[in-house]
There are 2 protein chains.
Amino acid sequence: MPFRRTVFFVSDGTGISAQMLGHSLLTQFEGFEFKEVTLPFVDSVEKVRLDCMPRIQAALEAGNGIPIVFSTLVNPEARDLIRGSGALLFDFFETFIDPLEAGLGMRSNHTIGRSHGVKDTKGYTNRIEAVNFAMAHDDGSSHRDLADSDVILIGVSRSGKTPTSLYLALQFGVKAANYPLIPEDFSRKALPEILKHYKSKLYGLTISPERLREIRQERRPDSQYAKFENCRYEVEQAEMLMRREGVRWINSTTKSIEEISTTILRDIKIERPLY
Amino acid sequence: MPFRRTVFFVSDGTGISAQMLGHSLLTQFEGFEFKEVTLPFVDSVEKVRLDCMPRIQAALEAGNGIPIVFSTLVNPEARDLIRGSGALLFDFFETFIDPLEAGLGMRSNHTIGRSHGVKDTKGYTNRIEAVNFAMAHDDGSSHRDLADSDVILIGVSRSGKTPTSLYLALQFGVKAANYPLIPEDFSRKALPEILKHYKSKLYGLTISPERLREIRQERRPDSQYAKFENCRYEVEQAEMLMRREGVRWINSTTKSIEEISTTILRDIKIERPLY
């Protein structure tokens, strides 16, 4: 039986940063089964008292070891209260704000809930526009404004183009169109006509035929589309086409959406903003 | 003129955790203009030497103060190299792994690039399925499998339903359908028929008429759809309808996608997993 431990992510904002970094740290401890609980918008000492303390207390009493709290709390009083609960507290703000103040030669604002707010309206609008763009240009559904795209993803059906386009838009405000490579392209042995005007923007996704078969089988069981022979043919042809046309590509088989997106941004040399 | 400083986010993985937390910390220092550079997949000492050092060196020589490096590097040798460059290094792993090892009574794996990889195949499949679900159920486009949704977002056109559904899917693997409230619903003074079967899953988004007008004006300039009077009417009617039907809602006007999504998950009491 694995070791158990309850882990809280507590923040005066969304808790997404605390959860993401805390979760990264926990992936370094295999053998533990972590019960992860996120407590967002804890922006007053009152809320620590009412929303956090009883849950930490319950976890302490459950007898699965000392609960761990990862937090991004600007208010020192709020942190002290949690530290007094008996939980093991790691506050990302507390740890780094002092040395950052020293390094920058400036006092911090100590303002609550600043990240993931809508301060940067311009950046925020970019992001929403990028989502609209990805939706309008999903699966080759529109040729309009392709020139405005930052990148155009191409690949066979179910190679991961849609989730990647959406992630690039939502997380980084990058405008990604996506365009399927289909059997007609393979017979013609040429990229879709419209894409020839945007060759420098093309980026390919490929996938192993085995994994592609699994995904397609899930969607359209026992179809010609999902047959292994067909998957292998399409992947081979798509790779041949991309190689001939000099299109960069990445194999998505064992990569997460984050890894695929990060690789694309690195390769197309777009500095990724965060909003 | 604002103070300038170059900030690097360096990681042996995607760098998304380092970037997100580092960025959160920097939002506490107003008055600085940070030039943010992300260097992902730095998974060897060789790559530190080739990809990071010259860029840090260049930033040092640019004379905008000591560059700051936020990192999540598992390899201590890689960290030492960066520390020796003269940059101010904050490594999130180094800082927390030791006290976490003590607290958990276990050595960590020291495995590179573990977060945002595809370890948890089940969780990963959930996420992709949630994206497919959100796409298939965008803007009321399908009634199929609505019973499988975790939440059904409703609201007037351009109140933020689509980006929120996609964020819930991509970030948390939560299945969110979305359904527009349209003038026909307001004349009938009733929710769309199909939604009556799923009242417990409904969650409303509303928005200020002023902001709605701006967004619609951008999309369809000088249309009836974008007129302030029309926006005010639709918002009023939508809120009246939701109030009458007992649907919870949130005002999205000044909230980010992260804040809206976090609030919804808290309210519908879904524990948000991270993959």
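## The sheet in chain A

In what order do the four strands of the open sheet in chain A stand? The order is β6-β5-β7-β8, and the pairing is parallel. β6 (176–180) and β8 (249–251) of chain A stand at the edges. Each has a single partner strand, so one side of each is left without a neighbour in the sheet. From one strand to the next, the twist averages 25 degrees. Keep in mind that this model is predicted.

## Strand β7 and its surroundings

Take β7 of chain A, which covers residues 202–206. This strand pairs with β8(A) in the parallel sense, over three bridges. Look for A:L205: opposite this residue stands A:I250, in β8(A).

A helix comes in here too. Helix α9 of chain A spans residues 228–245. It lies across three strands of chain A: β5 (151–155), β7 and β8. Its direction is at about 155 degrees to β7(A).

## Where the chains meet

Now turn to the contact between the chains. Chain A puts in 62 residues, and chain B puts in 62 residues.

Consider the side of chain B that touches chain A. Several elements of chain B give two or more residues to this side. Among them are the strands β2 (32–39), β3 (68–72) and β4 (88–91). Helices are on the list as well, including α4 (92–104), α5 (121–136), α6 (161–172) and α10 (257–267). Which element gives the most to this side of chain B? That is α1(B), with eight residues. By class, this side of chain B has 29 nonpolar residues, 24 polar ones and nine charged ones.

Technical notes: Residues are numbered from 1 along each chain as its sequence is written. Chains are lettered from A and ligands numbered from 1 in the order in which they are written. This is a predicted model: local features need pLDDT of at least 70, side-chain atom pairs count only at pLDDT 80 or more; totals for chains, interfaces and linings use all residues. Two strands pair if DSSP finds at least two bridges between them. Axes are lines fitted to C-alpha atoms, for helices over the stretch in contact, and angles run from 0 to 180 degrees between N-to-C directions. Two residues are in contact if their C-beta atoms, placed from the backbone, lie within 7 Å. Ala, Val, Leu, Ile, Met, Phe, Trp, Tyr, Cys and Pro count as nonpolar, Asp, Glu, Lys and Arg as charged, and the others, Gly among them, as polar.
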